[in-house]
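Here are my notes on the two-chain model you sent over.

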Amino acid sequence: MIVSPPPTPCPHEAPAEGQGSADGSHAGPVVNHFKLDNGLEVVVIPDHRAPVVTHMVWYRNGSADDPRGKSGIAHFLEHLMFKGTHKHGPGEFSHLVAELGGQENAFTSYDFTAYFQRIAREHLGVMMEYEADRMTNLTLSDEVLLPERDVVMEERRMRTEADPSAQLDEALNAALFTHHAYGVPIIGWGHEIETLDRHDALAYYRRFYTPENAILVVSGDVEPEEVEKLARETYGKIPARGEPPRRDRPREPEPRAERTVKLADEKVEQPSFERIYLAPSQQTAAPGEAEALEVLSHYLGGGPTSLIYRRLVLERKLAVSAGAYYYASALDDSRFYVYAVPADDVSLETLEAGIDDVLAELFRDGISAEDLNRSVTRLIADSIYAQDSQMALARWFGASLAIGGTVENVLGWSRRVEVVTREDVAAATKWLDRKRAVTGYLLKDEQAA
Amino acid sequence: MNAPAKISRAARVQKIVTPAGISAWLVEDYAVPLVAMDFSFEGGAAQDPQGKAGAASILAGMLDEGAGDLDSEAFQRALDDHAIRLHFSADRDEFSGHLQTLTRNLDKAFELVTLALNAPRFDADPLERVRGQINAVLKRESKDPDSMAAQAWRRAAWPNHPYARSPRGEIGEVDAVGRDDLVAQHKNLLARDVLKVAVVGAIDPATLSVKLDALFAGLPARATKTPVPQVGISGLGRRVLVDLDVPQSNIRFGRPGLSRHDPDYMAATVLNHIWGGGSFTSRLWQEVREKRGLTYSVYSMLSTPKASAGLIGATSTKNERAAESLSVIAEEAERMAAEGPTEDELEKAKKYLIGSYALRFDTSTKIAGHLLQLQQEGFGPDYLDRRNAEIEAVTLEDTRRVAKRLLGDGRFLVAVVGRPEGVSAS
């Protein structure tokens, strides 16, 4: 088969498997977890296969915490964090990382911002020193800030302004979230990015970049004791600031009206269909519900054996690809996606009717015991694959803790998936209600063409 | 912290030759209950028959769409039931397979990949589907600025050569690829004399040996290929413009490079790192992005397809400032060709390249991928241990010489997609 990516980057992240897995054949990662006196949380995941470490710092703030009218500030600040401190000039940290043979980057999401380096294990201490330094000592001048704002505008042009499907995604999310900031793009709206200045950046930095708000995750060729010692010598020196910052998030009201958003552009040569349902996240769901939604999304749309692929692609030939995925990892109510790319000469209306037929079948028949078992096996296997990568492990623990999860929670994931029942999956289908959804059509603008 | 241990990576690689004569590189590792295998046959999309661009990519898409007694759905279900990750791909020069399995499903995984490779069905239904999927991707790419720039550059650089075509296929040619073409390419390309195999994970040589014979011994001894002529990069000094109504200009640029076995290749690696390769630290990054805010991304890389060699780069800048980006890149090329790097830049680049090599060995799939690549490039496992020494040996003189060879007269073939202001075709 040809794997064509879903219309938006697939955010599914299966948490790592815990100790004592399904068949008892293999223990999951051993994870150490503690807090420094200043409130900084630390997670250590040893993996001794290669003499390298992944060092990550996560902050519990993302684009959904951007103040109103300042969209993009979380992401802009992420860029500015490379611009130096009182101690180290602009780019100095990056040059050091490179000189030591390391790789680095950072990323911003709705709920968190994270910075990481991958490097030979003997350099972990110095990475911690520099990362701790920029947790409190960032300096910003217009000389470095203004060109960087241009860089972010170019990033937005690259990702969104030249891509009709990315523009449709923005419109879909804006329509789905009428009140909550998940409806605002992570990178921000262009007209607001252009106005962000030094004061905005520093105010935001002072509010969120504190030890109480941060999580340190180290995976790779390390022992917990040495990480703890190094962490105390570096991050531990940062004075506590008191309470962690509050995340002021309005709750999305109960949706009542189904919505359709259409974007027609002359650059669209290949139409596509997408629908997003407002669904609970692993943090807002009732116990077991998020796991049931994971199973549901795999059964409905996880690859070429899924229900939607079989019905629409294999049998009815209405689509060349189709699938579903569920974004469990979010602090607030989240999203369940269904998408399809139509076959030649199939209208999006026909395709949508076909999708609704599949959903009606799902609502009527639920999931068989055999299909349930298959989906559960597959989801748990994915978490074993994840253990091959120290980076993947570090990301899962970091992302989960950043939205209020716990280490125990992550480690217990596969056990919770294992006990999902047919009834749980049937109950989870209630979220796939069109009143809770926004449907998107990406179309060719024939007149402009 | 411990000092870095002097480990021999080569010593961990076992070179296996099976009873049937299949060679493979194996790294045994039992830390995680997984096995990863990458294999490839030299001869990819460049072997697509005239008028049938897409044959190799369709073949790759079809191998997991039914084999032996299993039709497409049954085959995919068998993979999914056992959580086996299997896919095939074709680039310009190689046809590849990638397998990942949990150790407990090892037998099933090899059974399925053996079926896929030896007894593909090429049923009509999946064939139509796979062609449709490839066409959908190609249609999307036909108005995607980045893909359009790559295409414009490729066509101008390698006119009338197989490399001018997209390895994925060309709209209008994909539908011309029929079952007979797949049967023919399967027989022509998937042969033992062009096979390379790398395996990493929880498997011992004896077990692997038996499985490799079942998998590969039944393939033809020799591939039947059309020679792909060596080709330079045409259009140096040319600027190709492709109009698209977008606010940002997408730019590709490139010049002739060095072949993988050129004695100056390591020096070129170091030089490229300094000029445009090392993100965050390279001169292009500093001048185009950091100082001027002209772009989100700018890079250069050494490209070494089997039949050509290039120094290729890309960036994107708003239309109003596209001309400025182009002139900064040109100036940086000129400056580097004239002066070469500084001693300090050289030392830092070497330190990065040497130190970061370890980061390629931290997951089974990355290790398997790297071991396969070395075999494709014609190296032995000893390369794993001598590579860093070769980087270390690069001198300032070497980089100056190679700066002239690589950036020389500063003439690039440039392709721009968008509506750049003050930039004209030439």
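**Notes on the model**

1. Starting with chain A: 55% of its 449 residues count as buried, a residue being buried if 20 or more other C-beta atoms lie within 10 Å of its own, exposed if 12 or fewer and partly exposed in between, with C-beta atoms placed from the backbone. This is a predicted model, where local features need pLDDT of at least 70, side-chain atom pairs count only at pLDDT 80 or more, and totals for chains, interfaces and linings use all residues. Residues are numbered from 1 along each chain as its sequence is written, while chains are lettered from A and ligands numbered from 1 in the order in which they are written.

2. On overall fold, chain A has 16 helices and eleven strands; helices (H or I, at least four residues) and strands (E, at least two) are DSSP runs, numbered from the N terminus. Its radius of gyration is 23 Å, close to the 22 Å from the globule rule for 449 residues, so chain A is as compact as a globular protein of that length. (The radius is taken over C-alpha atoms, and the rule is 2.2 Å times the number of residues to the power 0.38.) The C-alpha trace of chain A spans about 65 × 60 × 40 Å along its principal axes.

3. Contacts next: two residues are in contact if their C-beta atoms, placed from the backbone, lie within 7 Å. Take the chain A contacts between residues at least 6 apart in sequence, and 81% of them join residues at least 24 apart.

4. Chain A is assigned domain 1 (32-237) and domain 2 (259-444), with bounds from an automatic or database domain assignment. Their C-alpha centres are 29 Å apart. Across the boundary, 28 residues of domain 1 of chain A contact 27 residues of domain 2 of chain A. Which element gives the most to the domain 1 side? That is H5(A), with eight residues. The domain 1 side divides into 16 nonpolar, seven polar and five charged residues. For the classes, Ala, Val, Leu, Ile, Met, Phe, Trp, Tyr, Cys and Pro count as nonpolar, Asp, Glu, Lys and Arg as charged, and the others, Gly among them, as polar.

5. Over in chain B, the assignment gives domain 1 (12-216) and domain 2 (239-418), and 29 Å separate their centres, taken over C-alpha atoms. The contact takes 31 residues from domain 1 of chain B and 27 residues from domain 2 of chain B. Elements that give two or more residues to the domain 1 side include strand E2 (23-28) and helix H5 (145-157) of chain B. H5(B) gives the most, with nine residues. By class, that domain 1 side has 19 nonpolar, three polar and nine charged residues.

6. Now the interface between chains: 63 residues come from chain B and 59 residues from chain A. On the chain B side, the elements giving two or more residues include helix H2 (72-81), helix H4 (124-141) and strand E10 (310-318). The largest share, nine residues, comes from H4(B). The chain B side has 24 nonpolar, 19 polar and 20 charged residues.

7. Confidence last. The model scores ipTM 0.93 and pTM 0.94. Where pLDDT is low, the predicted coordinates should not be read in detail.
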